[in-house]
Amino acid sequence: MNQILEHKPIRYAVLSVLVLLSVFLLVSAWQSAFGHSQFEPINAITVEGTGEVNTVPDVARITFTVSEAAASVKVAQDLATKKTDAALASIKKLDVDDKDVKTLGYNVSPKYEYNQPCPPGMACAQMVTGTPRIVGYDVSQTVQVTVRDTAKASDVLAGLATAGVQNISGPEFSVDDEDAARADARGKAIEEARAKAKLLAKQLGVHLGKVVSYSEGGNYPGPMMYSTVAKGGMMDASREQAPSLPTGENKTSVSVSVTYEIR
């Protein structure tokens, strides 16, 4: 045997056979592990499905900002704190949990006054400079309130108006557990796609196999906002009647594309 292998042509031929055998075993192992060679086309069909669910909003989010100005930071802060405390007290009376009331921002900024240039042809009593000077301070606090009983949203707005709050945004009506709504819509979309795949397989005279690919898209509902701004762009603080705020429904839509192997 060794004498035969000493001949170069025979040795090269044996080596080539061993290489081909190694490649064959590698391809066989790949097919055994993954079911298909990467070069082997897969017989498959692709179907689409859409699912929709309608949900009634169960939370309302209201954001308000209290702004006060004064000659000193302390006075401006005291004025803003007094009005904010009155607003929070009105919310507390409606049994809104403390965890659902949070400050989004607190800002203190100086107010500047700039000297005007001397008008042409007029004598100015003193030198005019472009250096600004501080004439006061603005203090603002922004608070977000999550109302879990949507029927109380209008009462929250009325209470804020009575407390003198003039910058209010919302309410934004939404579903607290949006993932659950998307899951329901997704389930309906997948069921529709599966029914289409079964019908198509029957018409083609083939059998459905496993799912080989999946993709998802859809339109998810955003919050529904209602304006609460009155005349002059401000809430009327003397108004006692709570506004009417219908919540309506939110629609969640999910579309899927599913590819099935066929045999």
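Let's start with Ile134, which sits in strand E4 (residues 133-147); helices (H or I, at least four residues) and strands (E, at least two) are DSSP runs, numbered from the N terminus. The model is a predicted one, where local features need pLDDT of at least 70, side-chain atom pairs count only at pLDDT 80 or more, and totals for chains, interfaces and linings use all residues. Residues are numbered from 1 along each chain as its sequence is written, and side-chain values use heavy atoms, with hydrogens and water left out.

**Around Ile134**

With a relative accessible area of 44%, Ile134 counts as partly exposed; buried means under 20%, exposed over 50%, and partly exposed in between (1.4 Å probe, protein chains only). Leaving aside residues up to four places away in sequence, Ile134 touches Pro110, Lys111 and Tyr112, where contact means heavy atoms within 4.5 Å. Ala71 lies 63 residues from Ile134 along the chain, and their C-alpha atoms are separated by 9.0 Å.

**A three-stranded sheet**

Now to another part of the model. Strands E1, E8 and E6 form an open sheet in the order E1-E8-E6, with antiparallel pairing; two strands pair if DSSP finds at least two bridges between them. E1 and E6 are the edge strands, each pairing on one side only. On average, neighbouring strands of this sheet are turned by 20 degrees against each other, direction ignored. Axes here are lines fitted to C-alpha atoms, for helices over the stretch in contact, and angles run from 0 to 180 degrees between N-to-C directions.

E1 and E8 are joined by 12 bridges, while nine bridges join E6 to E8. Some of the bridge partners in E8 are listed here:

| Residue | Bridge partner in E8 |
|---|---|
| Gly51 | Val254 |
| Val53 | Thr252 |
| Val211 | Tyr260 |

E8 is mostly covered, as 11 of its 13 residues are buried.

**Helix H5 on the sheet**

H5 packs on this sheet and touches E1, E6 and E8, its direction making about 145 degrees with that of E1. The helix covers residues 178-204, and its 27 residues at 1.5 Å each should span 39 Å, which agrees with the 39 Å between its end C-alpha atoms; the expected span is 1.5 Å times one less than the number of residues.

Which residues of H5 are buried? They are Ala181, Arg182, Ala185, Ala189, Ala193, Ala197 and Ala201. The buried residues of H5 pack against strand E1 (44-55), strand E6 (208-219) and strand E8 (250-262). Just after the helix, Gly205 adopts a positive phi of about 75 degrees.
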